[in-house]
Amino acid sequence: MRGITRHPLAGLAGLAGLAFLACLPMAGPAVADDTPSPSPSATVGTAGTSFLTATAVDPGQQVRVSASTGDYLYWSFDAAAGETDRLAITITLPTGASRHGPATWTVDVFDGLRRRQPCTAGSQTATAAAGAATLALHCLLRQVRTWADPWSDEPLPGTYYVRLSATGLPDQDLGLPVQTDLSITAKKGDAQPDNARLKAPLSPETDAGSTTAPQADSSAAPSAEAERTGHFWNRISWPSTRWWWTIGGGLLAALAGVGGYRLTRHPRRWFS
Amino acid sequence: MIIRRGPAAGLFLVMLAGVTALGAVPATAGEPTDGEAPKVELVLDSSGSMRAADIDGRSRMSVAQQSFDEVVDALPPETQLGIRALGSRVPNSASQALGCRDTQQISPVGPVNKPQAKASIATMRPTGWTPIGLALRAASHDLGTGETTRRIVLITDGEDTCGLPDPCDVARQLAAAGTHLVIDTLGLTLDARVRQQLTCIADATGGTYTAVQHQTQLTSRLNQLVRRAHDTYRQTPRQVGGAARCSAAPVLKPGVYADRERFAEHRWYRVAVSPGQELRASVSIALDRRLNPDYGVLLRAVSRTGQEIVRGTGADGGRTDVLSTGLRWSDQQAEDRQEASPEPSVSSASSDAAGDGMVCLVVSNSFSAPAGVQTNPGMPLELTVDVVSSSPAPGGPSLGRGWLLLLVLTGTGLVGGLVIGWLARWRVAVWKEN
């Protein structure tokens, strides 16, 4: 019976437990770490003028566009589940001499279904005094969820649209040249809810549609095979930090079990 | 990337392989083209007032000519550029009736012969009246009709001196005529009335307005607009006409659609959604005219029996270009029924909708305009419809997380070890006794 608690095994289990404990504090914050994606070298120099023509931008990419005051500038970016995106915009205004009053600028964010998304923090709207040279706007979006009720407008993985516009200014100032700088940073985090997945990202259709006769409709149903293969992985919901916690808990429990067993075999070694 | 592009990417690879096999790569290969090139027409005011020398100390005309030359030099090879002048032939001293019909095509819309285009630009002289409305109509005619976006860039230093037709109304009519037309305007003066007219023309077609003060600014803006035509001209929605009630509504497949909606009008469309599918729809209405300051747009999904299933609302106030909203819907009760039992469940709005697989979409708005603003044609409406497989609601978590979990598991392990150990000791003791 003594052979049950062989020392090398116990040592191995102890090491594994220690290694896990050393990892745990990292496992939590590591996923919530600020890791802006590596910045692509190219600077984006264009902006769209509508949802359909919005210029696609990657988080971390620099955007610098010269425009006219009064233009509506559209960009789009893709966000994955668990991401929290932050927009920072700097507007270089025309020189004070050519302006006639304060100018209010607003940045609006829309999801793939063109539903307006609120900013949880930051100055989404700001007013520049007539003499100010630059104006800064910020917007911190909500964390993107893996799944949401169809009836809610919670942020989901997919395309997001950014619209920058002057929302209040003297009419005389329309058409004057401005320069806008946009940067998007994405902070990765733990996606909620854990074991859910949106089957198709909220990326809108951009091709022209077609109408059918009312009877001749049989739009492609999702293939049954794809359904079945998708099912297993949905249940597993890898990767989730719950896995690490549960595996670590199992290891600790095994360790504690072995320890408890040893305690009953050689109580004198522990208590004398 | 989360954008779905599997089949398209595959197709592209196949096409690429084909092209490489052929050895020669045509300029337009690789694009899902319908054969049309991006089409832009520059419309330049050549009226008498262009003589004024107030841009960088040079005359407006010479500044515009230099910028045109530079734009022609930097033109993307695929782009078809046309040039039209207004007020270039009949002098101011002639009769208004004659002067107000004076618009002339300098260079037809087509592949540009650069030396020839530049030579004809150089011959333009500031001369006569400013018939902007007429010139816009002619420019739209020059660009012709087709599936892709057409762009007009209007450069002027004065308001329309001919009165009728009002250029702003002309712009709205042209935009509503079926071809997707965008008019960008550039003003060579800071005059208030010119600005009003040009912003009105731009807003009516989803274009932009720029006040030009320097020659370099004019060149870079013109280049930007011409490039923009090259980048975005293909994304034209399909024209559709919504019905006044659901049963007569057109059935839409996934895609982007364009329509017009007047104030207080309801427009109905239908989409086929089978069980296990999710309907996604979004709508945006462009504010193409002067409106009262607060407004809203409502998009509702309605079942065949008239029950509302889900709605999206958008509301705003103040200066903006479009008002948009969207909705998602999937028949979750149908999914539950499929999984649980085949018995028919209580009839509800959603099961009604799933009954024949048709969901009606209705778009309404709460716009109003000050007196004197035309309400016809309606405001431009853009509708996006998508049908994807639905995402079922997640169940409860099957794994744990947190320090308490570790504590509980460790405690359980310890207790288990102790119990097994005590059992083993007891058994050894019993065995020794025997």
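**Close-up views of a two-chain predicted model**

**View 1. A proline loop in chain B.** Pro377(B) sits in the loop that links strand S15 (358-365) to strand S16 (379-389) of chain B; strands (E, at least two residues) and helices (H or I, at least four) are DSSP runs, numbered from the N terminus. The peptide bond between Asn376(B) and Pro377(B) is cis, with omega at about 0 degrees. Most peptide bonds are trans.

A word on conventions: this is a predicted model, in which local features need pLDDT of at least 70 and side-chain atom pairs count only at pLDDT 80 or more, while totals for chains, interfaces and linings use all residues. Residues are numbered from 1 along each chain as its sequence is written, chains are lettered from A and ligands numbered from 1 in the order in which they are written, and side-chain values use heavy atoms, with hydrogens and water left out.

**View 2. The mixed sheet of chain B.** Here you can follow 6 strands of chain B in an open sheet, ordered S3-S2-S1-S4-S5-S6 with mixed pairing; two strands pair if DSSP finds at least two bridges between them. Strands S3 (103-110) and S6 (209-211) of chain B are at the edges with a single partner strand each, so one side of each has no neighbour in the sheet. On average, neighbouring strands of this sheet are turned by 15 degrees against each other, direction ignored. Strands S1 (residues 39-45) and S2 (residues 80-86) of chain B run parallel and are joined by 7 bridges, with Val43(B) opposite Arg84(B) in S2(B).

**View 3. Helices across the chain B sheet.** Helix H2 (residues 60-73) of chain B lies across S1, S2 and strand S4 (150-156) of that chain, at about 165 degrees to S1(B). Axes are lines fitted to C-alpha atoms, for helices over the stretch in contact, and angles run from 0 to 180 degrees between N-to-C directions; contact means heavy atoms within 4.5 Å. Helix H8 (residues 215-232) of chain B lies across S1, S4, strand S5 (181-187) and S6 of chain B, running at about 170 degrees to S4(B).

**View 4. An antiparallel sheet in chain A.** In chain A, 4 strands make an open sheet in the order S2-S10-S4-S8, with antiparallel pairing. S2 and strand S8 (134-140) of chain A are the edge strands, each pairing on one side only. From one strand to the next, the twist averages 20 degrees. Strand S4 (residues 84-92) of chain A is joined to S8(A) by 7 bridges, and Ile91(A) has Leu135(A) as its bridge partner in S8(A). H8(B) packs on this sheet, touching S2 and strand S10 (177-187) of chain A, and its direction makes about 115 degrees with that of S2(A).

**View 5. Arg114(A) and a link between the chains.** Look for Arg114(A) in the loop between strand S5 (103-111) and strand S6 (116-117) of chain A. Arg114(A) has a positive phi of about 60 degrees although it is not a glycine. Arg114(A) also forms a salt bridge with Glu382(B), whose closest N and O atoms are 2.9 Å apart; the rule asks for a side-chain nitrogen of Lys or Arg within 4 Å of a carboxyl oxygen of Asp or Glu. Across the interface of chain A and chain B, the rule finds 4 salt bridges.
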